[in-house]
Amino acid sequence: MCQFCIPEWLSSVEINRQHLFFKKGETIFLEGSPATGIFFLYEGRVKVHKQWGEDKDLIVRFARKGDILGHRGFVSSQRLYPVSATAMEDITVCYMDLPFFEASLKVNTTLTYKLMQFYATELEEAEKKMRNLVHMDVKGRLANALLEISRSYHDKQFTINRQDLASFAGTTYETIYRIIQDFIQQRLIAVDGKAITILQEKKLQQLITG
């Protein structure tokens, strides 16, 4: 926001933005609730998830420092958040209400252009994820999920609980547990509690392409 706004607009940004804090496990916004504003993630990690069937959640993505949240509600015809966002640890966000954000887009053409690029990239990723759920076997989906999380955090070692991993891969906790044991035996990954380390990235990639 600050990077792509014209200098004359930055004072308005300073006046209209709010710094909000959420504790681990707190809901930032809930699927189906009125979209009131946009969130920019300053610190921490957030899972963006959607109801998948009656009693299941599908994690759409993991957001980290620098990412935007709540933007899908901005383009919704009913102005409702189509997904939920939950803090995975204590987080800090910058919040701007929708009227000011809309005004910012009208004034700052570069910001509008960058947001359009962001939407296009996110749509491409969403379509890819849906294809994977339909056509890829569970081992491939888990391998893909592990590599996506690793790339997102820029680290081959990361921490995630098994239920979130199952929700991200689009399968069950029991299936994830079984396949993780298989990956450990093949020395594709190493596990220490909730911490997972990628050992053989190429072989995981082969499970995806295969």
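**Contacts, sheet and helices in a predicted model**

Q: Which residues does Ser104 touch, not counting residues up to four places away in sequence?
A: This is a predicted model, in which local features need pLDDT of at least 70, side-chain atom pairs count only at pLDDT 80 or more, and totals for chains, interfaces and linings use all residues. Residues are numbered from 1 along each chain as its sequence is written, and side-chain values use heavy atoms, with hydrogens and water left out. With contact defined as heavy atoms within 4.5 Å, and residues up to four places away in sequence not counted, Ser104 touches Met1, Trp9 and Leu111.

Q: Does Ser104 count as buried or exposed?
A: Ser104 is found in helix H3 (residues 98-107), where helices (H or I, at least four residues) and strands (E, at least two) are DSSP runs numbered from the N terminus. Buried means under 20% relative accessible area, exposed over 50% and partly exposed in between (1.4 Å probe, protein chains only). Ser104 has a relative accessibility of 0%, so the residue counts as buried.

Q: At what angle does H3 run to S8?
A: Axes are lines fitted to C-alpha atoms, for helices over the stretch in contact, and angles run from 0 to 180 degrees between N-to-C directions. H3 lies across S3 and S8, and its angle to S8 is about 75°.

Q: In what order do the four strands form an open sheet?
A: Two strands pair if DSSP finds at least two bridges between them. The edge strands, each pairing on one side only, are S1 (18-22) and S6 (68-69). Strand S3 (residues 37-43) and S6 pair in the antiparallel sense over two bridges, and Phe40 stands opposite Ile68 in S6. The pairing in the sheet is antiparallel, and the order is S1-S8-S3-S6.

Q: Which residues have the most contacts inside the largest nonpolar core?
A: A nonpolar core is a set of buried Ala, Val, Leu, Ile, Met, Phe, Trp, Tyr and Cys residues joined through side-chain atoms within 4.5 Å. Of the 34 residues in the largest core, those with the most contacts inside it are Met1 and Ile28.

Q: Are the rings of Trp9 and Phe100 stacked or edge-to-face?
A: Rings of Phe, Tyr and Trp (its six-membered ring) pair if their centres lie within 6.5 Å; planes under 30 degrees apart count as stacked, over 60 as edge-to-face and the rest as tilted. By this rule there are eight aromatic pairs. The rings of Trp9 and Phe100 have centres 5.7 Å apart and planes at 5°, so this pair is stacked.

Q: How many of the 16 residues of H5 are buried?
A: The buried residues of H5 include Arg141, Asn144, Leu147 and Tyr153. The helix is largely enclosed by the rest of the structure, because the number of its 16 residues that are buried is twelve.

Q: How far apart are the end C-alpha atoms of helix H5?
A: The expected span of a helix is 1.5 Å times one less than its number of residues. The 16 residues of H5 (residues 138-153) should therefore span 22 Å, which agrees with the end C-alpha distance of 23 Å.
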